[in-house]
Amino acid sequence: MATILVVEDEPDAAEMLAFNLRGAGHEVSLVEDGGKGLKVAQTTRPDLLILDYMLPTMSGPEVCRALRAEPATQDIPVIMLTARAEETDRVKGFECGADDYVTKPFSMRELMLRVQSMLKRRLPSPTSGQQLKAGELLVDLANQTATIQGEEVRLTSTELKLLTMLIRAGGQAVPRQQLLTDVWQYAADSDTRTVDSHIKRLRAKLGPLAHYVETVQGIGYRLAPGSPE
Ligand code: CA
C-alpha cells in the first residue's frame with residue numbers, strides 16, 4: 001500500500017493511528033518529536049506524512065515549511081493534526097503548506113477517509129497519458145507535472161489536482177464547494193477557506209501566469225489563460 005510517517009508526541013494517539021493505518025495495509029513509522037520527524041521524512045520520503053501541530057523541538061508548521069522548502073521533499077502530502085480548533089491555527093497550517101487539516105478529537109473513520117483521498121491523488125488518473133493545455137501552461141497527467149514553456153512548476157499533488165480541475169472546466173467558474181468536495185472529498189458544507197489558501201499558493205507558484213487563476217466573486221475560481229487586465 002503506502003508508507004506513512006506519523007509524527008505525534010501523544011503515545012495513545014500515535015498508537016491508535018499506527019494500529020488503524022497498519023490495519024489498512026500501510027507501512028507506518030512513528031516519531032514523537034518534530035526535529036526527528038523532519039529528519040526521517042527527509043531520509044525516507046514517505047508517501048504521506050501525518051503531522052501533529054504541537055510537537056517538541058520543532059512544531060508541525062515548522063516541519064512542514066522545512067519540507068516544502070526542499071525540492072526533494074516538497075511534494076510529500078501532509079495531513080496536519082491539531083488539538084486546537086482556533087481559526088488562526090488552521091490558517092497557519094495551510095500557509096505552511098499542509099494539504100489537509102484534521103482537528104482533534106477526530107473520528108478514526110474520518111481520518112482514514114482523508115488518508116485514502118490523499119493517497120489516491122498520487123495515482124495516475126484514468127485519463128493518464130493525456131495532456132491538458134491552457135495558454136502557456138501544460139499539465140501532463142501521466143507524469144503528474146505542470147510546465148510553463150517547457151519549465152517545470154513544482155506543484156504538490158493537491159495543487160496539481162486543483163489546477164487540473166480548473167483547466168478541465170474550460171474557462172467556466174468552478175464553485176469553491178465543488179473544488180472542496182472533488183479535491184479534498186470534504187462534506188459539501190465544510191469550510192471553503194481551505195480552497196482559498198491553496199489557490200493562493202497555486203498562484204504564487206504559477207508566477208508570471210498567476211493571473212490565469214481568476215477569482216469569480218461569490219462563486220469560486222476559473223482558469224482564464226489570457227493577458228492580465
Ligand atoms: Ca502534540
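**Notebook: strands, helices and a calcium site**

I began with strand β1, which pairs with strand β2 (residues 27-31) in the parallel sense over 5 bridges. I noted that this is a predicted model. Within the pair, I found Val28 of β2 as the bridge partner of Ile4. I then checked how covered β1 is, and 4 of its 5 residues are buried.

**Entry: the chain as a whole**

I recorded 8 helices and 12 strands in the protein chain. Of its 229 residues, 48% are buried. I also looked at contacts between residues at least 6 apart in sequence, and 57% of these join residues at least 24 apart.

I followed the chain into the loop between β1 and α1, where Glu8 has its place. Is Glu8 buried or exposed? I noted that Glu8 counts as buried, because its relative accessibility is 2%, under the 20% limit for that class. Leaving aside residues up to four places away in sequence, I listed the contacts of Glu8 as Ala13, Ala14, Val31, Glu32, Asp52, Leu55, Leu81 and Lys104. I also compared Glu8 with Leu30: they are 22 residues apart in sequence, and their C-alpha atoms are 7.5 Å apart in space.

**Entry: the calcium ion**

Which residues coordinate the calcium ion? I found Asp9 (OD), Asp52 (OD) and Met54 (O), at 2.1 to 2.3 Å. The spacing of these donor residues in sequence is D-x42-D-x1-M. I located Asp9 in the loop between β1 (3-7) and α1 (11-23), and Met54 in the loop between β3 (48-52) and α3 (60-68), so this pair ties together parts that are 45 residues apart in sequence. I then looked up the accessibility of Asp9, which counts as partly exposed at 31%.

**Entry: backbone exceptions**

I kept in mind that most residues other than glycine have a negative phi, and that most peptide bonds are trans. I found a cis peptide bond from Lys104 to Pro105, with omega near -5°. Pro105 lies in the loop between β5 (100-103) and α5 (108-120).

I next turned to Arg45, which is not a glycine but has a positive phi of about 40°. I placed Arg45 in the loop between α2 (34-44) and β3. With a relative accessibility of 49%, Arg45 counts as partly exposed.

Asp140 stands opposite Thr145 in β8. The hairpin of β7 and β8 has 4 residues between the strands, and there I noted a positive phi near 55° for Gln144.

I then followed β8 to its other pairing: 3 bridges join β8 to β9, and the two run antiparallel. Here Thr147 stands opposite Glu152 in β9. This hairpin has 2 residues between its strands, and Gln149 in the turn has a positive phi of about 45°. I placed Gln149 in the loop between β8 (145-148) and β9 (151-153). At 66% relative accessibility, Gln149 counts as exposed.

How are the faces of β8 covered? I recalled that side chains in a regular strand alternate between the two faces of the sheet. In β8 I found Thr145 and Thr147 on one side and Ala146 and Ile148 on the other, all of them buried.

**Entry: the open sheet**

I traced an open sheet of 3 strands in the order β10-β12-β11, with antiparallel pairing. I counted 2 bridges between β10 and strand β12 (residues 220-223). Val174 has Tyr221 as its bridge partner in β12. I saw that helix α6 (residues 157-168) packs on this sheet and touches β10, β11 and β12, its direction making about 70° with that of β12.

**Entry: α7 and α8**

Finally, I examined helix α7 (residues 176-183) and helix α8 (residues 193-206), whose axes come within 9 Å and cross at roughly 85°. I therefore recorded α7 as roughly perpendicular to α8. In this contact, Arg176, Leu179 and Leu180 of α7 meet Thr194, Val195 and Asp196 of α8. I sorted the residues of the contact into 3 nonpolar, 1 polar and 2 charged.

Methods. Residues are numbered from 1 along each chain as its sequence is written. This is a predicted model: local features need pLDDT of at least 70, side-chain atom pairs count only at pLDDT 80 or more; totals for chains, interfaces and linings use all residues. Side-chain values use heavy atoms; hydrogens and water are left out. Two strands pair if DSSP finds at least two bridges between them. Contact means heavy atoms within 4.5 Å. Axes are lines fitted to C-alpha atoms, for helices over the stretch in contact, and angles run from 0 to 180 degrees between N-to-C directions. Donors are N, O and S atoms within 2.8 Å of the metal (3.2 Å for Na, K and Ca); water is not among the atoms, so sites may look incomplete. Buried means under 20% relative accessible area, exposed over 50%, partly exposed in between (1.4 Å probe, protein chains only). Angles under 35 degrees count as roughly parallel, over 145 as roughly antiparallel, 65 to 115 as roughly perpendicular and the rest as oblique. Ala, Val, Leu, Ile, Met, Phe, Trp, Tyr, Cys and Pro count as nonpolar, Asp, Glu, Lys and Arg as charged, and the others, Gly among them, as polar.
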